[in-house]
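Subject: Structure handover

Hello,

Here is the structure I promised to pass on. Please open it first, then read the notes below.

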Amino acid sequence: MGTRFVSAVAFYGPKTGALGELLAGVQALIAGHVGDAFRPYSPEQVHATLIALNGVREGGAVVNEYLLAHAGVRREMDLPRVMDILARRFAVPLRVRIGGFRPGQAAPFTSRGQHLAERTFSVQGEAFVLVGWPADSLAGDGRPLDELRRAMNAAGVLHRYHAQPADVDNDLHLVVGHHAGAPAGPLARATAAVRDTLAAEPADLAIGLPDVTIVAADSHTLAPPLYVSGVPAPAAEVLALMP
């Protein structure tokens with residue numbers, strides 16, 4: 001497999017308004033507990049991956065990395081169709097919420113088997129991860145992000161977390177930084193502080209088409225970027241990025 005990371009993401013670039021305030025507040029809470037072991041992402045670098053478009057060259061065509069890895073299928077990606085799916089889905093902004101849940105509070109669903117209060121913010125390996133969900137899903141009305149990712153199958157793209165046909169991923173992930181070997185105690189205190197703050201002060205955001213970007217980099221952190229484009233990105237330019 002190649003090492004080039006190409007994704008359709010939300011919120012890549014400068015942060016303003018509610019998202020900028022959310023990011024600054026969360027990073028300040030983490031730094032207050034973890035100190036010099038905290039390696040924050042820059043505001044511009046923080047993003048939410050909607051769908052990975054990593055490709056592998058096979059016999060002159062570029063096939064989707066995860067479709068090949070999970071299903072063994074060699075099918076050329078239809079990037080114009082990918083762009084069309086994104087344009088149609090985000091023509092009306094998708095409302096998402098991060099926070100608003102406390103442990104023991106009734107939640108409309110679980111995420112990877114966990115209560116939403118736990119999934120809202122966690123340390124995953126060395127990464128500090130925020131997770132939000134579509135407002136419609138929280139109101140009990142569908143799974144818009146999962147449906148978007150599943151719609152990409154028609155364009156020859158399989159979502160990374162759809163390894164099995166019944167798998168569901170309706171989560172919106174934002175990594176806000178990493179830690180360099182911080183002890184368990186400070187990590188636990190930072191986690192509790194961020195969860196408590198978000199439970200009391202959730203962030204309501206919206207993803208419109210201007211918030212969606214195609215980004216390529218040689219690191220999964222998407223920094224530094226090798227390519228940045230709005231939607232639609234020219235298929236030839238995106239295909240040329242594939243290793």
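A definition first: Ala, Val, Leu, Ile, Met, Phe, Trp, Tyr, Cys and Pro count as nonpolar, Asp, Glu, Lys and Arg count as charged, and the others, Gly among them, count as polar. By that scheme, the lining of the largest pocket has 10 nonpolar, 10 polar and six charged residues. Please keep in mind that this is a predicted model.

**Pockets**

Start with the largest pocket. Its space comes to about 720 Å³. The lining is made by 26 residues. Nearest the centre lie Thr49, Arg160, Tyr161, Val175 and His220. Which of them gives the most? It is E9, with four residues.

Now the second largest pocket. Its volume is about 290 Å³. It is lined by 14 residues, and Thr110, Ser111, Val168, Asn170 and Asp171 are the closest to its centre. Its lining has four nonpolar, five polar and five charged residues.

**Aromatic rings**

The count is three aromatic pairs. One of them joins Phe109 and Trp133. The ring centres are 6.2 Å apart, with 70 degrees between the planes. That makes the pair edge-to-face, because planes over 60 degrees apart count as such.

Why does this pair tie together separate parts of the chain? Phe109 lies in the loop between strand E6 (94-98) and helix H4 (116-119), while Trp133 belongs to strand E8, so the pair links parts that are 24 residues apart in sequence. Are the two partners buried or exposed? Phe109 is partly exposed, at a relative accessible area of 23%. Trp133 is buried, at 1%.

Another pair is Phe121 with Phe128. Their ring centres lie 6.3 Å apart and their planes meet at 5 degrees, so this pair is stacked. Both Phe121 and Phe128 are buried. Together with Phe38, they form one aromatic cluster.

**Charges over rings**

Two arginines are worth a look. Arg89 lies over the face of Phe90, 5.8 Å from the ring centre. Arg112 has its charged end over the ring of Tyr161, 4.7 Å from the centre. Tyr161 also came up above, among the residues nearest the centre of the largest pocket.

Over to you.

Best wishes

Definitions and conventions: Residues are numbered from 1 along each chain as its sequence is written. This is a predicted model: local features need pLDDT of at least 70, side-chain atom pairs count only at pLDDT 80 or more; totals for chains, interfaces and linings use all residues. Side-chain values use heavy atoms; hydrogens and water are left out. On a 1 Å grid over the protein atoms alone, a cavity is a set of points where a 1.4 Å probe fits but cannot get out, and a pocket is an open set with protein on both sides within 12 Å along at least five of seven lines; lining residues have an atom within 4 Å of a point. Grid points are joined across faces, edges and corners, and a volume is the space filled by probe spheres set on the points. Helices (H or I, at least four residues) and strands (E, at least two) are DSSP runs, numbered from the N terminus. Rings of Phe, Tyr and Trp (its six-membered ring) pair if their centres lie within 6.5 Å; planes under 30 degrees apart count as stacked, over 60 as edge-to-face and the rest as tilted. Buried means under 20% relative accessible area, exposed over 50%, partly exposed in between (1.4 Å probe, protein chains only). A charge sits over a ring if NZ of Lys or CZ of Arg is within 6 Å of the ring centre and within 35 degrees of the ring normal.
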